[in-house]
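Please keep the sequence and the structure in view while reading.

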Amino acid sequence: MEKINFWTLVERVRLELADKVEFMALHPRLCEEDGERLMAHILTPLLTFITPACAEKRQEKLLRDGFAKAGVPMDSEHWVPISMAQQDTEQVLAKIKAALENGSK
């Protein structure tokens, strides 16, 4: 993820996609205990969560406990994983835009 400027990414999401994004949370490791605590506080069945992070299959394994603790299913209605591996800022932004256009609540 060395090609991603996270501050530029979140600022562009904030400015360009504000009408489609309820909120953003930046956490370095959602798969750790403190990340799971954060997920327990913010995950709700009323929203779809887009998680740009490692490869999708890996996210599924690493974030499963956080979703379970929050009582939110890891299905396409509630969760859209995005792989940031080997991507740059523009590529990740394009993936986030596509996820929002493809039916996130």
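**Charged pairs, helix and cores**

E60 is partly exposed, with a relative accessible area of 35%; here buried means under 20% relative accessible area, exposed over 50%, and partly exposed in between, with a 1.4 Å probe and protein chains only. The model is a predicted one, in which local features need pLDDT of at least 70 and side-chain atom pairs count only at pLDDT 80 or more, while totals for chains, interfaces and linings use all residues. Residues are numbered from 1 along each chain as its sequence is written, and side-chain values use heavy atoms, with hydrogens and water left out.

The partner of E60 is K57, and the two form a salt bridge whose closest N and O atoms are 3.8 Å apart. A salt bridge is a side-chain nitrogen of Lys or Arg within 4 Å of a carboxyl oxygen of Asp or Glu. K57 is exposed, its relative accessible area being 62%. Both residues belong to helix α3, three residues apart, which is about one turn of the helix. Helices (H or I, at least four residues) and strands (E, at least two) are DSSP runs, numbered from the N terminus.

Helix α3 covers residues 56-70, and its 15 residues should span 21 Å at 1.5 Å a residue; the end C-alpha atoms are 20 Å apart, so the two values agree. The expected span is 1.5 Å times one less than the number of residues. Q59, L63, G66 and F67 are the buried residues of α3. They pack against α2 (33-42), β1 (49-53) and β2, contact being defined as heavy atoms within 4.5 Å. Just after α3, G71 adopts a positive phi of about 75 degrees.

The side chains of K69 and E36 meet in a salt bridge of 2.8 Å, N to O. This pair links distant parts of the chain, with K69 in helix α3 and E36 in helix α2, 33 residues apart. K69 is exposed at 58% relative accessible area, whereas E36 is buried at 10%.

What is the makeup of the largest nonpolar core? It has eleven residues: I4, L9, V13, L17, I82, M84, V92, L93, I96, A99 and L100. The elements giving two or more residues to this core are α1 (6-16) and α4 (89-101), and α4 supplies the largest share, five residues. A nonpolar core is a set of buried Ala, Val, Leu, Ile, Met, Phe, Trp, Tyr and Cys residues joined through side-chain atoms within 4.5 Å. Leaving aside neighbours within four places in sequence, I82 is in contact with I50, T51, P52, A53, C54, E56, Q59, K95, I96 and A99. Apart from this core lies another, of seven residues, among them F49, L63, V72 and W79.

Q87 lies in the loop between β2 (79-83) and α4. Q87 is buried, with a relative accessible area of 16%, and touches K3, I4, V92 and K95, not counting residues up to four places away in sequence.
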